Amino acid sequence: MPHTVITTTTSTTSNADGRFCNIPYARSFQGLLKIGQVVVLLIAFLCVHCERLSNSAFRYFEVVTAWFLVVFFFFFLMYLFRLQSKITCINWTLTEFLHYAVGGILVFIASIVVAVNNHGISSLIAGSVFGFMATFLIAISIWTSYKVTCGSQPTGAAV
C-alpha cells in the first residue's frame, strides 16, 4: 500500500546576524538624524505646551510638532525593525521624502509664528528655537532622502 508523504518547508528571511532588530541602523547617520529630530521636536512641543496659552498660533505649533514627532518616530521604528522590507506595496523612500518636505515647511511656518507671537516668554522663545533646529534637521533629511530617491542619474550617453 503506497504512502503519501507531504513535507512543507518554511524559510524566514533575516539579516546576516539573525537579529530581528537592525541595531546598526540606530547607530548610522540616518538613524541618529531621526533620533535627533524626534528629541528636538519633543523639546519644542513641551516648551510651548507647558506654557498653557490658549492662542491658536501656539496650538498650531503643538499640533504640527506632535504630528511630525509621531511620524518621524514611526519611520525610525519602521527602519529599526525592517518593516519596509515586509510592506513592499509602498515606496517608503518616496513616502519618507514627501513627509519630510511637508514637515519641514509646516514646522518652519509654525516656528516663525511662535517666534513672532512669543511676547518675551522664555519657554516660547525656546520652543521656536527648537522648532528652527528641527527644521534644520528636517532639511538635512530632505537632502539625504532626495539623494537616495533621485540618485546620480546619468546625464549623457556613455562613450
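**View 1. Contacts across the protein chain.** In this predicted model, 76% of the contacts (heavy atoms within 4.5 Å) between residues at least 6 apart in sequence join residues at least 24 apart. The protein chain holds five helices and zero strands, in the order α-α-α-α-α from the N terminus on. Helices (H or I, at least four residues) and strands (E, at least two) are DSSP runs, numbered from the N terminus. Of the 159 residues, 35% count as buried, meaning under 20% relative accessible area, with exposed over 50% and partly exposed in between (1.4 Å probe, protein chains only).

**View 2. Along helix α4.** Here you can follow α4 through residues 92-116. Its 25 residues reach 36 Å from first C-alpha to last, close to the 36 Å expected at 1.5 Å a residue, where the expected span is 1.5 Å times one less than the number of residues. Buried positions in α4 include Trp-92, Glu-96, Phe-97, Tyr-100, Gly-103 and Gly-104. An α-helix has 3.6 residues a turn, so residues three or four places apart point the same way.

**View 3. Ile-43 on helix α2.** Look for Ile-43 in α2, residues 29-49. The residue is partly exposed, at a relative accessible area of 32%.

**Notes.** Residues are numbered from 1 along each chain as its sequence is written, and side-chain values use heavy atoms, with hydrogens and water left out. Local features need pLDDT of at least 70 and side-chain atom pairs count only at pLDDT 80 or more, whereas totals for chains, interfaces and linings use all residues.
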